[in-house]
Amino acid sequence: MLTLANVSKHYAKHDEKGAAPRNVLRGVNLEVGAGECVAIMGESGAGKSTLLNLAAGLDRPDAGQIVFDGHDLNTLDDDAATLQRREKMGFVFQAFHVLPNLSAAQNVALPLLLNGMRAKDVPPRVSVVLHAVGLGGREHALPRELSGGELQRVAIARALVHRPRLVLADEPTGNLDHDTAMRVLALLRELAQQNGAGVLLATHSAAVAAGADRVLRLTPEGLESYAPGAGGA
């Protein structure tokens, strides 16, 4: 479903000597299959968010190939890449990015409306996914009326409501207590597996990573297999 082959990315680093390239990712190889959850660990600044942005087609690598659902993302123009993200990807972020003036149901409905679903078909789909994340009866609640855990569940519902092929989650449990984080992760995995979606999860938490099918650690040399608990997190 998603393949990164020998992907590298660098940014300009400015100092007193001027601009010089700073390698963020070097020779990264990764595959994520349908229904599989892969966790990426690494120190702050290791490039986890950059890797997710590349997988989403939000940024382009300096070298290597990224293939998603049979399409080489490097060859897509901006409009085609946007269509891929909108129709086939779901995003869960640490900061939620829930729109404050829309209700929980309205936030979750956004991907369906953007993808052109008929208006009459939207509420039933939204209701099903909100009940699945434990927010049945909270459809009309505004974000300010919801707890952090509830806001994260709204974000998960929004990421999954259009049944994407790939879910990208960047520190999705970073603002949650341990028990809530574990429930949110289990829910994300369950709903993604029901839809046959792959999940690529970036986290600093060994406990969160341990719930994935595979755990990889991002280092300056690339990705390597990692067993949470076997070394530092």
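Modeller: Strand E8 (residues 198-202) is largely enclosed by the rest of the structure, because five of its five residues are buried. Buried means under 20% relative accessible area, exposed over 50% and partly exposed in between, with a 1.4 Å probe and protein chains only. Strands (E, at least two residues) and helices (H or I, at least four) are DSSP runs numbered from the N terminus.

Colleague: Before we go on, what kind of model is this?

Modeller: This is a predicted model, where local features need pLDDT of at least 70 and side-chain atom pairs count only at pLDDT 80 or more, while totals for chains, interfaces and linings use all residues. Residues are numbered from 1 along each chain as its sequence is written, and side-chain values use heavy atoms, with hydrogens and water left out.

Colleague: Back to E8. Which residues point which way?

Modeller: Val 199 and Leu 201 point one way, and Gly 198, Leu 200 and Ala 202 the other. All of them are buried.

Colleague: And how many bridges join E3 to E8?

Modeller: Four, and strand E3 (residues 37-41) runs parallel to E8. Two strands pair if DSSP finds at least two bridges between them. Val 38 has Leu 200 in E8 as its bridge partner.

Colleague: How many for E7?

Modeller: Five bridges join strand E7 (residues 166-170) to E8, again in parallel. Leu 166 is the bridge partner of Gly 198 in E8. From E7 the chain passes through helix H6 (residues 178-194) to E8, a right-handed β-α-β crossover. Right-handed here means that, with the strands pointing away from the viewer, the path from the first strand over the helix to the second runs clockwise.

Colleague: Different topic. Where is Arg 85?

Modeller: In helix H2, residues 78-88. Arg 85 is buried and has no salt bridge. A salt bridge needs a side-chain nitrogen of Lys or Arg within 4 Å of a carboxyl oxygen of Asp or Glu. The nearest side chain of opposite charge is Asp 78, 6.6 Å away. For charge, Lys and Arg count as positive and Asp and Glu as negative; His and the chain ends are not counted.

Colleague: What does the side chain of Arg 85 reach, then?

Modeller: The backbone oxygen of Ala 56, at 3.2 Å. The side chains of Arg 85 and Thr 82 are also joined by a polar contact of 3.2 Å. A polar contact is a pair of N or O atoms within 3.5 Å; within protein, one must be able to donate a hydrogen and the other to accept it, and residues adjacent in sequence count only if both atoms are side-chain atoms.

Colleague: How many salt bridges does the structure hold?

Modeller: Eight. One of them pairs Arg 214 with Glu 36, with the closest N and O atoms 2.7 Å apart. Arg 214 is in strand E9 (residues 214-219) and Glu 36 in the loop between strand E2 (18-32) and E3, so this pair links distant parts of the chain, 178 residues apart.

Colleague: Is Glu 36 buried or exposed?

Modeller: Glu 36 counts as buried, at 18% relative accessibility. Arg 214, at 30%, counts as partly exposed.

Colleague: What about Asp 69?

Modeller: Asp 69 forms a salt bridge with Lys 88, the closest N and O atoms being 3.0 Å apart. Asp 69 lies in the loop between strands E4 (63-68) and E5 (71-72) and Lys 88 in helix H2, so the pair ties together parts 19 residues apart in sequence. Asp 69, Lys 88 and Arg 165 are linked in a network of salt bridges.
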